[in-house]
Amino acid sequence: MDIIFPISLFLLDSCLNHLSAKLFYKYYPYEVLGFLWLMSIIKIPVLTIISQRLKHPIWIPSGLIYILTLCLSSTLYQTLRLFYSSQVPTIYLGLSNSLLNHIPPLLSCLFWNLFSPYVLLNKTDEPKSKTKEMEYFLRLLNYSRPDCLPLGGAFLFLTFALIGEVFIPYYMGRVIDILSTEYKESDFLMAMLSMAVFSITSSIFAGCRGGLFMFSLSRLTKRLRLLLFRSVVQQEISFFETTKSGEIVSRLSNDTARVSRSIAGNVNITIRMLVKCLGVYSFMFSLSWQLTLLTFISSPITWIIQKLYSSYHQDLVQKVQESIAKSSDVAKEIIESVKTVHSFAAEEEEAKRYEKSLQETHELQTRRDFVTAFYLLATRIVNLMTQVAMLLYGQYLIQSGFITSGKMVSFILYQMESGDYIRTLVHMLSEITHSAGAAQKVFQYMDRTPQVSPAGSLCPDDLHGQIEFKNVTFYYPSRLDVPVLKDISFTLHPGRVTALVGPSGGGKTTCVSLLERFYEPQEGNILLDGKPLNEYKHEYLHSKVALVAQEPILFAGSVRENIVYGCENITEEQIKEAARKAKAEDFISGMEKSYDSDVGDSGAQLSAGQKQRVALARALARNPKLLILDEASSCLDADTEQQIQQCLQNILGLSVLIIAHRLRTVQKADQIIVLKDGCLVEHGTHDELVKQKGEYYGLLQGNLLENKEVN
Ligand SMILES: Nc1ncnc2c1ncn2[C@@H]1O[C@H](COP(=O)(O)OP(=O)(O)OP(=O)(O)O)[C@@H](O)[C@H]1O
C-alpha cells in the first residue's frame, strides 16, 4: 500500500500542482496535510481487513494498535511539526516516514516471536498455552501449600543471602583502592571485616535457603508421585494394555521430579537471579554508567545465544532421557527372560539388540555435547569481546580520572557475574516452559477418570454367591470391531462347581475378566445375588470373588506376606487354615523359615506348582463366596489336585468356577459350560454332554480335553 499510494499521489500531485499553486497557494501546507490524513484514514480499514483475511507469517504483526501506530504516527508527526515549527509537510516525507515506520515494529515482532518462550512452545496456540501454563503453575502452588512454612523460610533466607552476596565485589574493589592509594589501616580492616561478615553471613543464609528449598522440593515430589500413583493404579485394565509401562514409570519418576523442580527449584533460581541482576546492575550503574551501557550491548547477544541453546539442548536432553529409558527397557526385558534367551541360544542376537539401543543413545548424547560445546564457545567469545571493549574503555576512564582502579575491579567482578545471571535467567525461562510440558503429562494422568463405572457401596453381611450372566455381549476396548462374547447367559449356583471348557480363544478367560470387573460388558448384565456387580463396594466384591490365575503373580517377600496380601485383619490360624486347604502346608513347613521364608522376586524361588498353591491359599484366606480357578491346578500332580478339589467341595456355600483343559479337573463338576467363538454352545454334566455327542464330545475326541481317563 505504501508503494502504490506514493506513486498514485505523486501523479495526482503533479496534476494538481499547477492548480493548487494558483488557487490554494496560501493553504498549501494544509492541503498536503489533508492528503496525508485522508491517506492514513483510508489505510486503517484496508489494512485491518487485509490482516484479518490473509494468512501471513506469525512474525508479521496484525493487531489494531500496530495498524493505528503505523498509519497515524507519521501524519501526526507532520501535523505537530507544522504547528510547532511551521515546517511545511511534504507528501514524500510523509510517505517515506510511513515506510520507515514498518521497520521497528516488524523487527521487534520478529524478535519476540522467534525468542518468546510461549511462541516457541506452541506457535499456533499461544494464548491457550499461556493460560494452561498459569493453570498448572497455580495448581502446583496449591500442592505446595503444606510446605508454605519451609518455603517462606527459604525465601526469607534467599533475600538475606542476596543482600550479602551483592556487597562482596564492592568491598573487594574498596580493598584494592585502599591498597593502591594512601594506605589507612583502619579503612583496610573495616573493608576486610565488612567483606568477611557479608561473605560468612551470605554463605550461611544461602546454605539454609538451599536446604529448605531441597526439603520442600523432595516433599512436593513425594506428594505428586503418590497422587499420580493412586490415580494410575485405579485406572481400568485396558489403560495398561494400551499404555506402555515404561511411559507410566517415566511419568512417575522423571516428570514428577521435573514438575516439582519448577516450583521449588526453578522459581527459587529465577527469583534469585532476577534480584541479583537488579542488585548487580544498580551497583554497576553507581560505579560507572558508561561502562554499564557498554555491557548492555552484549546482553541481547548473550540472551539470544542462551535462548537458542536452551531450546535445542532441552529437547536433546529429553530425547537422551527417553532413549536411556528405552535401552533400560530392552535390558530389563532380556534379563527377565534370560532362560528363554539361553534356551534359544539367542545371547548374541540380544546383545546386538541392546547395542543398537545403546548406539541410539550415544548418537543423541554426542549431538547434545556438540551443542553444549558450540554454546560454550559462543558465550566465551562474546564474554571475551565484551571484556576487551570494557577494559579498553575502562583504561580511558581511569586515565581521565572518572573511575578508580578499585572500582574498575569491582565493576569487572559484577560484569562477570551479570553474564552468568542473564544466562541462568534465560535457561530458567525455558526450563519453566519445559516443566509446564511435564506438568501437562502428569496432570493428564492424574485427572484421568477410569473408563469403568465407579464401584457402588453394597456390602451385605449375608451373601449367597449366586452369579448370573444375562445376555452378555463384550468387545475388548482395543478391538471394538470383534465381539469376544456373544449374548452369553448362564448361572453359577452357590456351593456348586461349574467348569468352563472350549477351544482356545473361545472366551473363557474373558468371562473371568468380566467377573473380576477388569472390563464391563457393552450389552447385558452380570449379577451377584441379583444385583449388578458394579453396585458392590470394590473391596467387598474382591473379597467375595477370588481369582487364582494359571501363572499367579507372587510378590517379593515372605510366604506369609503373600498369603495375607490385601487382607488386613487376618489371624495366624486363618493363614495356616488357608495353606492347609490349598495343600501348601507341607512344603511351607519344610522351608527354612517356614511362613517367613522369602519367595524371591515374583516367587522365583518356588516351583510352578508351589506358586499355584500359595496363590490358592491367598485366595482362600479371604474366605470367598466364589472361587475362580483359571487353569490354577495345571502344574499340580493328579493326587494333589484331587485332594484340593475334595477340600474345596467341603467348604460350605463356596461356588467354584473352573477353567481347565484336563478332563480329570472338569468331569466331576456339577455343570459344564462349553464356549466356542464367544458363544455358549452346550451345558450340562459330563455324562449328559458325552451322551449328547456334541461339541464337548468332539473336544474329548479331538484331545482338546486331555481325555486319558475317558472311557
Ligand atoms: N486384552 C485383550 N485385548 C484384545 N483381545 C483380547 C484380549 N484378551 C483376549 N483377547 C481375544 O479375545 C478372544 C478370547 O480370549 P480368551 O483369553 O478369553 O480365550 P480363552 O477361551 O480363555 O483361550 P485359552 O483357552 O487359550 O486361554 C481371543 O480371540 C483373544 O485374542
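A residue is counted as near a molecule if its C-beta atom, placed from the backbone, lies within 6 Å of that molecule. The model is predicted, so local features need pLDDT of at least 70 and side-chain atom pairs count only at pLDDT 80 or more, whereas totals for chains, interfaces and linings use all residues. Residues are numbered from 1 along each chain as its sequence is written.

**View 1. Surroundings of the ligand.** The ligand is surrounded by 13 residues, of which Tyr 476, Ser 504, Lys 508, Thr 509 and Thr 510 are the closest. Helix H16 (residues 508–515) gives the most to this shell, with 3 residues, where helices are DSSP runs of H or I of at least four residues, numbered from the N terminus.

**View 2. Helix H8 and its bend.** The end C-alpha atoms of helix H8 (residues 148–180) are 49 Å apart, which agrees with the 48 Å that its 33 residues should span at 1.5 Å a residue, the expected span being 1.5 Å times one less than the number of residues. At Ile 168, H8 bends by about 25 degrees, and Pro 169 follows within four residues; the bend is the angle between axes fitted to the seven residues ending there and the seven starting there.

**View 3. The two sides of helix H19.** Within H19 (residues 572–581), Ile 575, Ala 578, Ala 579 and Lys 581 are buried, that is, 20 or more other C-beta atoms lie within 10 Å of their own, while 12 or fewer make a residue exposed. On the other side of H19, Glu 572 and Glu 573 are exposed.
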